[in-house]
Amino acid sequence: MWFPRLPSDRVLRVRPLARPDESPFALTLRAKNTERIYCLNAAAERQGLRRGMSFADARAFCPDLLSQPARPDLDARFLATLRRWATRYCPWVGYEGEDGLVLDVTGSTHLWGGEAEMLADMQARARRAGLTLRLGLGETRGAAWAFAHFGDGQAGLTALPVAALRLEDRMVTALERLGLRTIGDLSAAARAPLARRFGPELLLRLDQAMGDIPEPTMPESEPPRFAVRMSLPEPIGLAEDVMGITARLLAPLCDKLKAQEMGARRLTLTLRRVDQGSPEVELRLAAPMRDPHRILPLFTRGVGEVDAGFGIDQIRLEATQVEPLPVQQIGSRHIGAAAQAPDRLNDLITRIGTRIGLEQIQRFLPADSHIPERAFTMAAAAFSTPDSAWALPGPRPLRQFPPEPIASHGAGHGAGHGAGHGAGQGAEPPARFRWRRMTLSTGRAVGPERIAPEWWLPDENWRSGLRDYWRIETREGRRLWLYYTPQNPGWFVQGEFA
């Protein structure tokens, strides 16, 4: 099964054009600083456009060309959906490149009334889905690929060009220069000279197409599904009963997760009521988890808010989002106790996150910048790991806020100030100043620490240039973080120490 216009068909079947058969449409993809045609529909091909040509040239040939950026990731997902659909014809379905599927229909054609009837059903269903499909049926995988891309198989495999053997373009060109244009010509030629000149790949592809060397079809394995359910003989309605059933479902679910070395990040508990209603309780975990004793209490709040109606007769539990969670060896008792500390923190984050959302619980992480307000970032605690690599050039206040100007009432006294951390000495802190309607007196000053702006980042707050930071201990008990701007003389408070 070859879908020659898979990317464009995927887009057009979701957002059809006003005239899909007449309006030229193309998908573009940027390659080597040039926007090129990635895929196009039949109307665009009739205008003389082709894959790989630059988008500028395509617009010159076809001014009314409609375009859209290509999404190869969505194309791959769509092909995976088609692979699951193709399993209705046979269980052995695998991928053939980025736009094709290969099916081993041995023993399955009689279920559809024969080979012709099965192919007709494939074409009809693809046409209704808005997909361009070309089919090839052969005794071997190579022959089926050749018939799908270069012919319908009426004239036989030997009449097809050598490009039908899945060879590289340069090899096809070299064979045609030697007069070997069809597979029949290649089969009749001496094998030893071909092997010496073109290597073993040429003869391998030829033997695979002819059936002399087997080429099995390897079906894609279905990803494991982590879901369990239980149907009840009598409806239940108490929260305690629902929690009891949930505990019985968690045990086999966690066993499945452990067998695959996976941990659940999101769990969905579906409660089917006798009135056909299906309320859901979603639990988002702060870390991958597969311990049923830790997960069960986290469902208490959500289950307590469910309206059981006239009763619940089926409960289904599914891990809708999983992450790798390798098995870890636990050593001594002290190591085990240390390992439980992050688990307790994750459980606390999960409990709070069920009320206000996991994204609302954030932690501070270090950032590579010497600018005080850029030296840290905030990230969701559930989706980040703590980092202890805080490398600060000097003491930083516990509280930082936007710079606030002060009104000075006296010249700097220089009492007790320490050595500077940066080059050059600026003005000394004022002996008395007013800040936030408070008159403060400088008792001890340590500094300056000179910090230069990061010129490669536009920041309006640092347009004034250099800053000389001082740690000020006032006689009134406030410990402030002041800085002075030499280019535009002025004093500001940016933080307060504990």
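Modeller: Start with a contact, meaning heavy atoms within 4.5 Å. Leu 6, Pro 7, Arg 10 and Arg 13 of H1 meet Leu 74, Asp 75, Phe 78, Leu 79 and Leu 82 of H4. Helices (H or I, at least four residues) and strands (E, at least two) are DSSP runs, numbered from the N terminus. This is a predicted model: local features need pLDDT of at least 70, side-chain atom pairs count only at pLDDT 80 or more, and totals for chains, interfaces and linings use all residues. Residues are numbered from 1 along each chain as its sequence is written, and side-chain values use heavy atoms, leaving out hydrogens and water.

Biologist: At what angle do the axes of H1 and H4 cross?

Modeller: Two packed helices are described by the angle between their axes and the distance between the axes. Axes are lines fitted to C-alpha atoms, for helices over the stretch in contact; angles run from 0 to 180 degrees between N-to-C directions. Here the axes of H1 (residues 6-14) and H4 (residues 72-86) cross at roughly 85 degrees and come within 10 Å. So H1 is roughly perpendicular to H4 (65 to 115 degrees).

Biologist: In what order do the strands of the sheet lie?

Modeller: Strands pair if DSSP finds at least two bridges between them. The order is S2-S1-S3, in an open sheet with mixed pairing. S2 (34-40) and S3 (66-69) are the edge strands.

How values were computed. Parallel < 35°, antiparallel > 145°, perpendicular 65-115°, else oblique.
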